[in-house]
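User: I am new to this structure and would like to go through it step by step. Could you please show it to me first?

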Amino acid sequence: MAVAQGQCPNCGASIEFGLGSSLAKVCEFCRATVVRSDRGLENLGVAADLANTPTLISIGDQGSLSGRAFEVMGRIQLDHGKGPWDEFYVSFDHGNDWGWLAYAQGHWYVTSQVAGEIIPPFASLTLEMDVPLGPAGNFRVAELKTATVVSTEGELPTAYPSGYVRHYADCYGQNSAFATLDYGDNTGRYDVFVGWVFSETQMQVTLEGQRTVDKIKTDMIKCPECGGDVPKLSGDRAKRLGCPYCGTVSDIATQQIVAQQEAAMSQPDIPIGTTGNLGGRDYICIAYVRRGTDFDGDPYSWEEYLLWNQELGYRWLVKDPESGWLWVDPVANADLDLTQMPNAVGWNGRSFTVRNHGSAEVQYVLGEMYWQCEIGETTRTSDFINGRDVVSREEGPGESRWSYSAPIAWAVIAAAFNLPVDGPGGRFAAAGGGTIAAGGGKSGCASSTVLLIVLVLVVLMCMLVACGTCGSA
């Protein structure tokens with residue numbers, strides 16, 4: 001039942017508001033943003049066209065989250081400048097409450113507005129800063145950015161004109177808690193939203209909303225450069241594609257080419273699209289990334305394989321010339337003891353001491369990436385060690401991410417993905433040249449160098465002996 005209704009002041013079509021908290025609605029016929037007030041319905045202007053972003057839910061969809069009923073009422077598209085993403089306005093408990101749903105980095109986020117909390121000014125926030133939010137607990141800043149509203153659809157709790165710049169901080173708390181500090185246009189007014197991070201399997205959705213033709217018909221991503229159809233390995237979750245046919249990197253939503261790179265000369269050690277079972281979980285390898293840095297004047301690179309599981313989200317396998325193969329899990333910054341930064345961090349009851357600070361640059365990508373990946377994209381890195389285990393921090397513009405890495409044998413990976421144990425994944429380039437075999441021994445160029453030195457010494461000895469027999473000094 002509509003809580004308010006009338007005619008669109010732009011085209012005259014019928015306008016209905018289904019949720020009491022909704023103050024704006026985009027007319028589905030003319031796309032005018034209609035605002036309701038005590039003076040009636042007003043036209044705020046025509047909303048821009050929506051980008052064809054990969055989405056898992058649409059307006060009109062209904063479902064439940066941990067047993068709590070919801071309906072998708074509206075959508076807002078925002079952009080940092082590298083490509084748009086979506087946040088969804090939802091009605092909970094059949095209209096008795098409302099909140100936001102968003103999908104990012106393999107997890108879903110749900111938040112609801114809380115009142116009465118006093119928060120620091122936006123300009124005073126820093127990454128990893130702790131912010132107390134009353135009964136909800138303490139939260140730690142992980143992302144501090146501005147975003148521009150690209151477009152809107154359906155009902156919304158307030159009007160968001162295209163071009164509106166929103167300032168916000170995303171924060172994490174204990175036990176998967178999550179909060180967004182929304183400073184709006186940063187003129188003094190703010191809103192606080194608190195919720196949690198949840199896995200996709202905790203949410204059940206009935207697809208009742210309308211889908212575009214593109215959403216209905218295709219299980220492929222079309223490369224805008226070569227026209228090749230690339231199978232969607234993670235459904236409508238990826239943001240960037242490194243084409244396996246021509247190597248072009250493109251934005252999936254806008255179909256714009258963002259980088260040109262050569263086509264892959266060889267198949268990655270774990271072929272993209274390969275499925276495997278690690279730790280009792282099924283994963284599919286959806287991307288390959290080569291990153292590198294400059295270490296004391298020498299180039300150093302490593303390979304990263306992105307795995308996806310519907311329940312757990314994304315995980316990484318890293319092939320490092322120095323450390324071998326590593327399994328990488330994400331770590332919430334709120335779970336870390338940062339009191340001894342930058343010299344040490346604490347996690348899971350263990351202390352990790354700093355090993356190095358550096359940088360990591362994206363050099364080559366293939367497959368589906370969950371972020372707006374770019375060739376040349378560089379992050380600042382810090383590694384903290386305890387034995388062979390590593391806790392790492394990466395910082396990019398306005399955000400930081402933490403992870404935990406532990407060694408994993410190639411034999412385990414090969415068995416999981418049905419790959420030859422003596423294949424290329426079991427040997428790789430060492431930091432100082434040559435290759436390291438599966439057993440850890442160097443071969444290749446290093447062995448050749450040693451052999452050459454021995455041969456030179458033998459020749460010199462023969463020359464000295466020859467000179468001695470002829471009586472020369």
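User: What relative accessibility does Glu-399 have, and how does that count?

Analyst: This is a predicted model, in which local features need pLDDT of at least 70 and side-chain atom pairs count only at pLDDT 80 or more, while totals for chains, interfaces and linings use all residues. Residues are numbered from 1 along each chain as its sequence is written, and side-chain values use heavy atoms, with hydrogens and water left out. Buried means under 20% relative accessible area, exposed over 50% and partly exposed in between, taken with a 1.4 Å probe and protein chains only. Glu-399 has a relative accessibility of 21%, so the residue counts as partly exposed.

User: Which residue forms a salt bridge with Glu-399?

Analyst: A salt bridge here is a side-chain nitrogen of Lys or Arg within 4 Å of a carboxyl oxygen of Asp or Glu. In this pair the closest N and O atoms are 3.2 Å apart.

User: Which residues do salt bridges with shared partners join into one network?

Analyst: A search of the whole structure finds 29 salt bridges. Where such bridges share partners, they join Glu-128, Arg-380, Arg-393 and Glu-395.

User: How far apart in sequence are the parts that the salt bridge between Asp-86 and Arg-75 ties together?

Analyst: The side chains of Asp-86 and Arg-75 meet at 3.3 Å, N to O. Asp-86 lies in strand 8 and Arg-75 in strand 7 (residues 68-79), so the parts tied together by this pair are separated in sequence by 11 residues.

User: What are the relative accessible areas of Asp-86 and Arg-75?

Analyst: Asp-86 is buried, with a relative accessible area of 7%. Arg-75 is buried too, and its relative accessible area is 12%.

User: Which strands hold Arg-355 and Asp-383?

Analyst: The side chains of Arg-355 and Asp-383 form a salt bridge, at 3.3 Å from N to O. The pair ties together parts that are 28 residues apart in sequence, because Arg-355 lies in strand 29 (residues 350-369) and Asp-383 in strand 30 (residues 378-386). Arg-355 is partly exposed at 40%, whereas Asp-383 is buried at 16%. The strands asked for are thus, for Arg-355 and Asp-383 in that order, strand 29 and strand 30.

User: How many helices and strands does the chain have?

Analyst: Helices (H or I, at least four residues) and strands (E, at least two) are DSSP runs, numbered from the N terminus. Counted in this way, the chain has three helices and 35 strands.

User: Is Ser-403 buried or exposed?

Analyst: Ser-403 lies in strand 32 (residues 399-407). Leaving out residues up to four places away in sequence, Ser-403 touches Val-328, Asp-329, Pro-330, Val-331, Val-390, Val-391 and Ser-392, where contact means heavy atoms within 4.5 Å. With 17% relative accessibility, Ser-403 counts as buried.

User: How far apart in space are Leu-207 and Ile-59?

Analyst: Leu-207 sits in the loop between strand 16 (203-206) and helix 1 (213-217), and at 58% relative accessibility this residue counts as exposed. Leu-207 touches Leu-56 and Asp-61, when residues up to four places away in sequence are not counted. Leu-207 and Ile-59 are 148 residues apart in sequence, and from C-alpha to C-alpha their distance in space is 9.3 Å.

User: Which residues lie nearest the centre of the largest cavity?

Analyst: On a 1 Å grid over the protein atoms alone, a cavity is a set of points where a 1.4 Å probe fits but cannot get out, and lining residues have an atom within 4 Å of a point. The largest cavity has a volume of about 160 Å³, a volume being the space filled by probe spheres set on the points, which are joined across faces, edges and corners. Of the 16 residues in its lining, those nearest the centre are Pro-54, Thr-55, Tyr-103, Asp-236 and Lys-239.

User: Which strand gives the most to the lining of the second largest cavity?

Analyst: The second largest cavity has a volume of about 60 Å³, and the residues lining this cavity include Trp-85, Asp-86, Lys-239 and Gln-372. The most that any strand gives to this lining is three residues, and they come from strand 8.

Terms used
1 Å grid on protein atoms, 1.4 Å probe; cavity = no way out; pocket = protein on both sides within 12 Å on 5 of 7 lines; lining within 4 Å.
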